[in-house]
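Here is a short report on a protein model. Look at the structure first, then read on.

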Amino acid sequence: MNIVVLVKQVPDSGADRSLRPDDNTVDRGSAGNVINEMDEYAIEEALKVREAHGGEVTVLTMGPDRASESIRKALSMGPDRAVHVLDDALHGSCAVATSKVLAAALGRLGADLVICGAESTDGRVQVLPHMIAERLGVAALTGARRLAVDGATLTVERQTEEGYEVVTASTPAVVSVWDTINEPRYPSFKGIMAAKKKPVQTLSLADLGIAGSEVGFDGATSTVLEHTRRPPRSGGTKVTDEGSGGVRLVEFLATEKFV
Amino acid sequence: MTSEPSFDAYLLPEEHEAVREAVREVCDAKVAPNAAEADETGEFPKASYEALKAADFHAPHIPEEYGGAGADALATAIVIEEVARACAASSLIPAVNKLGTMPLLLAASDELKRRYLPPVARGEAMFSYCLSEPEAGSDAASMLTRAVPDGDHYVLNGVKRWITNAGVSEYYTVFAVTDPAARSRGISAFVVEKSDPGISFGAPEKKLGIKGSPTREVYLDNVRIPADRMIGDPGTGFGTAMKTLDHTRVTIAAQALGIAQGALDYARGYVRQRRQFGKAVAEFQGVQFMLADMGMKLEAARQLTYAAAGKSERGDADLTYFGAAAKCFASDAAMEITTDAVQLLGGYGYTRDYPVERMMRDAKITQIYEGTNQVQRIVMARQLLKD
C-alpha cells in the first residue's frame with residue numbers, strides 16, 4: 001500500500017508563540033519549530049499499516065527551508081522517503097491554497113492512503129483533510145481514534161463528543177487522526193542514522209503546475225487584517241471562607257457547569 | 001570578523017544533536033518518572049531498560065557488523081549523559097554494557113565477538129565487568145582470582161567485588177591470574193556466563209546512591225569454561241583492562257555531566273518559582289553567582305569530556321590523559337554542582353520530595369568508580385612526566 005503522511009512544521013506549542021507584526025503570519029523564527037503533535041500520531045499509524053500490510057510510507061510537507069529539520073525527524077521514526085514542497089511564493093497561503101498544493105503533490109505521488117493529523121497546533125482549523133479529499137475526489141475519514149485496513153476497505157472509529165461513529169470507505173482515501181489512536185514511537189538511534197540516507201525530493205510550484213498567483217498572499221481567500229495578543233489572565237475569583245465557603249464554591253462550580 | 005555560519009569547528013555534528021534530542025525525549029517520558037522509585041526501592045528499573053532498548057539506547061556503541069547501532073564514542077557519551085540527566089542508575093545500562101564489552105571490542109577474536117555482542121545489541125543480555133576484588137581495588141594487579149588450564153578448558157576460582165549489574169547481566173568479563181609469577185603480565189581476560197555452573201552472586205550492596213543499579217559480589221567456584229572464551233592472548237588481560245578504562249572513563253565523565261545537568265536544570269526552575277522577601281530567589285545576586293558557577297563548571301566539564309570522546313573514537317595517543325582528566329574533572333564538578341543544587345533548594349533540597357538530594361548522592365560514585373579521582377591524578381601526572 002502506498003501511504004502518504006502529511007506533516008506540518010509548527011512553532012512549539014509549549015513555548016511562547018506569536019504572529020509576525022509585518023504580515024500577520026505565524027512567526028517561525030520566535031520559537032523552536034517542531035512536528036505538529038498530531039502528525040506524529042499520523043506517522044505512527046502509517047508505519048503500523050505498513051508493518052501489517054507492506055508498502056511504502058512517504059512524508060509530504062509544504063513549508064519553508066527550515067521544515068527540512070522536521071522532515072529529518074519524521075524520517076527518523078521510520079518512513080521511507082519524503083517530498084518537500086518548497087517555494088517562496090507559498091508564504092501567506094490560506095488553507096484553500098494549501099489544499100490545492102498538497103492535492104497536486106498527492107496526485108503525483110498516487111497515494112492509496114493519505115494520513116494526517118486532525119488539526120495543527122498553530123492553525124487549528126481542521127479543514128485541510130476535507131479539502132484535500134474533495135480536490136482528489138476521494139473519501140474523507142476524519143477525526144479517527146482507530147483505523148482498520150482490510151484489503152481496500154478502511155474502517156475508522158470517528159471520535160465525537162459523545163462517543164464514536166464507525167465509518168467505512170474504500171481506498172484511496174484521506175484519514176485524519178486524533179492523539180487517541182496510538183502511541184507514537186520515539187526515533188531510535190538506528191532510525192536517526194538511517195534518516196540521513198533517505199531520499200528527500202523537493203518540488204516547486206512550477207513542478208506542480210501551479211502559478212504563484214494562485215497561492216500565497218495573492219491567492220489567499222481570506223486575509224488577516226490585524227491581530228492583538230490575548231490579554232493577560234485576570235485574577236480570578238477569591239472565595240474567603242466565612243462559614244459559607246463550601247456553598248459558594250459549589251455555586252461557582254454550578255455557574256461554570258462543572259457540577 | 002563577520003559571522004560565518006558554516007564555521008563548524010567546536011560544533012557538534014547535526015546527527016549528534018538529533019541523538020541528544022531523541023534520548024531526552026525518551027528519558028523525559030519513560031525514564032525520569034521511574035527514577036525516584038528505583039532509588040527508593042533499590043529495584044532495577046526494568047521499565048526504563050525496556051524504553052532504552054526500544055530506541056537502541058541500551059548499548060548504542062555496539063558496531064553495526066554485530067547488529068548494533070554503531071554509535072561513535074561521542075554519540076555514546078551523549079546517550080549516557082542524557083539518560084543520567086533523568087536517572088543516574090539507568091545510565092549504567094548503556095555505560096556498563098560498554099564497559100563489559102569493550103575488552104571484546106579491543107582484544108577478542110572475531111568469533112568471540114560474533115557470539116557475545118549481538119545478544120547485547122538486541123537487548124537480550126547485558127555485560128558486566130569484573131576487575132576489582134576485596135583486596136584489589138586501586139591496586140587491581142594484586143588480584144587473587146585464578147584461572148587454571150585443564151585440558152581445553154580453564155577453571156576459575158575467586159571473588160570479584162563491586163560488580164555493577166551483577167545478577168542482572170547475562171555475561172561477565174572476568175580478569176584472572178593465569179601466571180602468578182608474571183604479576184600484571186600474568187593476568188588474562190575471559191567471558192563468563194551467568195549460566196555457567198559455579199557462578200553465584202552476593203547480597204546487593206547497601207549503597208549511598210545509584211541504588212537502582214544492583215552492585216553485588218561475583219563468586220567463582222570452580223567455574224569451568226572452554227579455553228576459547230579467553231579474550232585475546234594469555235597474559236594480555238591487564239593491558240586490556242587498562243585500555244578499556246581509558247575509553248570508559250569518558251562514559252563516566254558523561255554520566256557525571258548528565259547528573260549535574262539534571263540538578264542544575266531542576267535548581268534553575270526552582271529558584272525562579274520560590275519567592276522570599278517578596279521576590280523570586282533567582283533575583284538575589286548570591287543565588288545568581290551560585291548558578292553561574294554551576295553552569296560554568298558544567299560547560300567546562302562538557303567540553304573536556306567531548307574532546308576526550310573524540311580521542312576515544314579516534315584512538316589518539318593521549319586518550320589515557322584525556323580520559324582520566326575528563327572523568328576526574330567532570331565528576332568533581334558534578335559533586336559540587338549537585339551539592340549546590342541542594343543548597344539552592346534549602347530545606348526542600350534536603351528531602352526526598354525533591355530529586356536533587358538523589359542527584360547529589362548519585363554524583364558521589366562518579367568520583368570513586370573506574371578509578372578514584374586520586375588514581376586519575378596519578379594517571380595524569382605520569383603522562384605529564386613521562387618524557
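## A helix across the strands

Axes here are lines fitted to C-alpha atoms, for helices over the stretch in contact, and angles run from 0 to 180 degrees between N-to-C directions. Contact means heavy atoms within 4.5 Å. Helices (H or I, at least four residues) and strands (E, at least two) are DSSP runs, numbered from the N terminus.

This is a predicted model: local features need pLDDT of at least 70, side-chain atom pairs count only at pLDDT 80 or more, and totals for chains, interfaces and linings use all residues. Residues are numbered from 1 along each chain as its sequence is written, chains are lettered from A and ligands numbered from 1 in the order in which they are written, and side-chain values use heavy atoms, with hydrogens and water left out.

## The sheet

In chain A, 9 strands form an open sheet with mixed pairing. Their order is S9-S8-S7-S10-S6-S1-S4-S5-S11. S9 (164-170) and S11 (200-203) of chain A stand at the edges. Each has a single partner strand, so one side of each lacks a neighbour in the sheet. On average, neighbouring strands are turned by 35° against each other, direction ignored.

Two strands pair if DSSP finds at least two bridges between them. S4 (residues 56-62) and S5 (residues 81-85) of chain A pair in the parallel sense over 5 bridges. A:Val59 stands opposite A:Ala82 in S5(A).

## An enclosed helix

How many of the 11 residues of helix H2 (residues 67-77) of chain A are buried? The count is 8, so H2(A) is largely enclosed by the rest of the structure. Buried means under 20% relative accessible area (1.4 Å probe, protein chains only). Among the buried residues are A:Ala67, A:Ile71, A:Leu75 and A:Met77. A:Gly78 follows H2(A), and its phi is positive, near 140°.

## Where the chains meet

10 residues of chain A are in contact with 21 residues of chain B. The two chains bury about 1300 Å² between them, 65% of it on carbon and sulfur atoms. Buried area is the accessible area (1.4 Å probe) that two parts lose on being put together, summed over both. A:Tyr186, A:Phe189 and A:Lys190 supply 52% of the area that chain A buries against chain B, more than any other three residues.

Chain A and chain B share 4 salt bridges (a side-chain nitrogen of Lys or Arg within 4 Å of a carboxyl oxygen of Asp or Glu). B:Lys30 forms a salt bridge with A:Glu183, with the closest N and O atoms 2.7 Å apart.

Key. Buried < 20%, exposed > 50% of the residue type's maximum accessible area, 1.4 Å probe, protein only.
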